[in-house]
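Subject: Structure for your review

Dear colleague,

Please find below the structure that I am handing over to you.

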Amino acid sequence: MTSHRLPRLPGQVALPEQKSAAPSPARLDGFNSAPVDVVTRALLTCCRSLRWALRLADHRPYPDLGALLAAADEAAYDLTSADVAEALAGESLTPLPDGAYSAAHTALSAAHAAYESRFGHVFVICLDGFAAGEALDQVLAGIRSRLTHDPEEERVITADELRRLARGRLARLVRQFADEPRPTDIRRPQ
C-alpha cells in the first residue's frame, strides 16, 4: 500500500511539487522593463507610501499579476504607522457619483468631517466590486460603522482598506503598462 505522506527529511520540510500557472510575460513586460523611476512614480498612484512603491519596483520582474499582487499585499502588511500615515496623506475623499443630490453631498461631507475629527486622517474604503450606484451608501455606512471603533481597531481596518485599494489600483495600472509599454505620465487608476 502506497503512503500518501511525504517522506520526513531531517532539518527540511517536504513540500509536494508546486505547479505554477504559466507566466504571462506579455502582460507584465512593460511594467517589468520600465525604468525604476517610471515604475515608482506609477506605483505611487496606487499607494502613496514611498517604501511600498520602492519595494515593489525593486523586486521586479514579476512572472504574473498574481505574483505582483501577492508582493503588493506583503509590502502593505509590512508598512509602519508612519508609512500608513504617508499613504493616507495622499488619499482623497471618495467622489460622489454624477447626479448625486446636494443632500448626499452634505451628508457625506459631515460624515467625512466626523471621521477625520475622530481619527485624524481621511476615511478610506475600497469599493471594488460595488456598482457605482451603491458607492454613496457603502461609504456612508462604512463611515458610520467605523466611527464606533477605537483608534487601534480603526488603524488595522484602515491599513487593510489601503491595501485593498492599492491592490485594485495596481491591477488597473498593469493594464495601462500593457497598453502603453513605456508610460511616462501614469494617472491614478480609479
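A residue is called buried under 20% relative accessible area, exposed over 50% and partly exposed in between, with a 1.4 Å probe and protein chains only. Please note that this is a predicted model, in which local features need pLDDT of at least 70 and side-chain atom pairs count only at pLDDT 80 or more, while totals for chains, interfaces and linings use all residues. Residues are numbered from 1 along each chain as its sequence is written, and side-chain values use heavy atoms, with hydrogens and water left out.

Overall architecture

The protein has 8 helices and 0 strands; here helices (H or I, at least four residues) and strands (E, at least two) are DSSP runs, numbered from the N terminus. Of its 190 residues, 39% count as buried. Taking contact to mean heavy atoms within 4.5 Å, 67% of the contacts between residues at least 6 apart in sequence join residues at least 24 apart.

Aromatic pairs

The structure holds 4 aromatic pairs. Rings of Phe, Tyr and Trp (its six-membered ring) pair if their centres lie within 6.5 Å; planes under 30 degrees apart count as stacked, over 60 as edge-to-face and the rest as tilted. One of the pairs is formed by Phe-31 and Tyr-62, which are tilted at 40 degrees between the planes and 6.3 Å centre to centre. Phe-31 belongs to helix α1 (residues 25-33) and Tyr-62 to the loop between α3 (50-58) and α4 (65-77), so this pair ties together parts that are 31 residues apart in sequence. Phe-31 is buried, at 0% relative accessibility, and Tyr-62 is buried at 7%. Another tilted pair consists of Tyr-115 and Phe-119, with 4.8 Å centre to centre and 50 degrees between the planes. Both residues lie in helix α6 (residues 102-119), 4 residues apart, about one turn of the helix, and both Tyr-115 and Phe-119 are buried. Ring pairs also link Phe-31, Tyr-62 and Phe-177 into a cluster.

The loop that holds Tyr-62, between α3 and α4, also contains Pro-61. A cis peptide bond joins Arg-60 and Pro-61, with omega at about 5 degrees. Most peptide bonds are trans.

Helix packing

Axes are lines fitted to C-alpha atoms, for helices over the stretch in contact, and angles run from 0 to 180 degrees between N-to-C directions. The axes of α2 (residues 36-44) and α8 (residues 151-179) come within 10 Å and cross at roughly 140 degrees. The two helices are therefore oblique to each other (under 35 degrees counts as roughly parallel, over 145 as roughly antiparallel, 65 to 115 as roughly perpendicular and the rest as oblique). In this contact, Val-39, Ala-42 and Leu-43 of α2 meet Leu-170, Leu-173 and Phe-177 of α8. These residues divide into 6 nonpolar, no polar and no charged, where Ala, Val, Leu, Ile, Met, Phe, Trp, Tyr, Cys and Pro count as nonpolar, Asp, Glu, Lys and Arg as charged, and the others, Gly among them, as polar.

The axes of α2 and α3 come within 9 Å and cross at roughly 135 degrees, which makes α2 oblique to α3.

Finally, Gly-168 lies in helix α8 and is buried at 10% relative accessibility. Its C-alpha atom is separated by 8.2 Å from that of Cys-46, 122 residues apart along the chain.
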